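Please open the structure in your viewer and keep the selection panel at hand. Each stop of this tour names what to select and then describes what is found there.

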Amino acid sequence: KAKEKGRNQYLFCSTDMKGEVNRQNQLTNYLYRALEKGELFINYQPQVCLNTGKVTGVESLLRWQHPELGLISPAVIIPLAEKTSLINPIGEWVLETACRQNKAWQDMGMEPILMAVNISASQFKNPNLISQVEGILQRTGLKPKYLEVEITESTAILELNEIICKLKGLKEIGVSIAIDDFGTEYSSLGRLKMLPLDRLKMDKQFVDGAGHNHKDQAIAKAIIQLGKSLGLSVVAEGVEDENQVSFLKTSHCDLIQGYYYYKPLDAAAIEEILKQQG
Ligand code: C2E
Ligand code: MG
Ligand code: MG
Ligand code: MG
């Protein structure tokens, strides 16, 4: 009986894994067509300057609306795209769409803001990245100073010289660089010192407790001070309540990105916000 049960369990487990593999393959096939079918779109989350209360930038966040599966998160899309050759066309589409959108707001007469775009590690590895970005800026007419590239610490799996070289190339064309999710992964302060960065984004995990927990406050404060001492502007990610905002304000954090102010929104909603702040 027990043996039978064990065997059933094994069978169950194995079909389950097979199911998962099939599901991944199916999803990959769908993703191949998602771009041409226009199922991908971008939401933009405002970044609010703590001094002025103004929206000075937005981060572009990828979304996939599948007709049957519904809305799919970038936490699913990006790893899937990275496993295939899809990360390059998708990454390029995101960059171009975000730059074109930012230029469109400017053409409507809005005060210019910064557009932050996430770049994954394998996108960063692409030897054509810099000419790709240059081409996009040319095609869309966006000035490079209104584009910021966000890299994560997982980019650190690449060779340090290669990273520095790429980042310098991007800076040379006038694009700014942010380090995203700072403090979560392989954080080497030695690397932080060597990378030509403009901005540090403190991860939500340190922001979460910053409204009430002393240890989290100590860490958050240290990260903000570290960033500022290195001449970087500091963004707090995932800010959800007023206590966090007031702590971040007294700790001289520069910018806030979080549901407390705005969730990721569509382009029309951003247009309204920009219109209202004149
Ligand atoms: P990220 O770059 O760290 O982006 C911030 C994430 O935190 C977003 O999740 C955003 O919706 C969420 N967030 C912002 N404020 C709050 C808050 O107050 N509370 C909570 N609970 N969450 C908040 P999202 O849009 O699901 O994106 C997840 C991750 O997927 C991003 O993390 C980024 O690493 C990646 N990603 C998104 N779009 C792209 C893209 O176009 N290319 C690449 N390579 N990665 C992307
Ligand atoms: Mg980001
Ligand atoms: Mg982040
Ligand atoms: Mg994150």
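The tour below visits a ligand and then a metal site in a predicted model.

**First stop: ligand 1.** Begin by selecting ligand 1, whose space is the largest pocket. Display the residues around it: 22 of them surround the ligand, and the closest are Glu59, Arg63, Asp180, Glu240 and Tyr259. Colour this shell by class to see 8 nonpolar, 6 polar and 8 charged residues.

**Second stop: polar contacts.** Select glutamate 59, where an N or O atom of the side chain is 2.9 Å from an oxygen atom of ligand 1. Move to aspartate 181; a polar atom of its side chain also lies 2.9 Å from an oxygen atom of the ligand. At glutamate 240, a polar side-chain atom is 2.5 Å from a nitrogen atom of ligand 1. Taken alone, ligand 1 exposes 800 Å², and the protein buries 79% of that.

**Third stop: the elements of the shell.** Select β2 (55-66), α2 (74-83) and β6 (176-182), the elements that each give two or more residues to the shell around ligand 1. The largest share, 4 residues, comes from β2.

Select ligand 3, a magnesium ion coordinated by Asp180, Asp181 and Glu237 at 2.0 to 2.4 Å. Along the chain, its donors follow the spacing D-D-x55-E. Aspartate 181 in strand β6 and glutamate 237 in strand β8 (residues 233-237) are 56 residues apart, and this pair links distant parts of the chain.

Technical notes. Residues numbered from 1 in each chain as written. Chains lettered and ligands numbered in written order. Predicted model: local features only at pLDDT ≥ 70, side-chain atom pairs only at ≥ 80, totals over all residues. Heavy atoms only, no water. Near = heavy atom within 4 Å. Polar contact = N/O pair within 3.5 Å; in protein donor to acceptor, adjacent residues only side chain to side chain. Areas by Shrake-Rupley, 256 points an atom, 1.4 Å probe, with all protein chains shown as cover. 1 Å grid on protein atoms, 1.4 Å probe; cavity = no way out; pocket = protein on both sides within 12 Å on 5 of 7 lines; lining within 4 Å. Sits in = over half its atoms within 2 Å of the grid points. Nonpolar A, V, L, I, M, F, W, Y, C, P; charged D, E, K, R; others polar. Donors = N, O, S within 2.8 Å, 3.2 Å for Na, K, Ca; no water.
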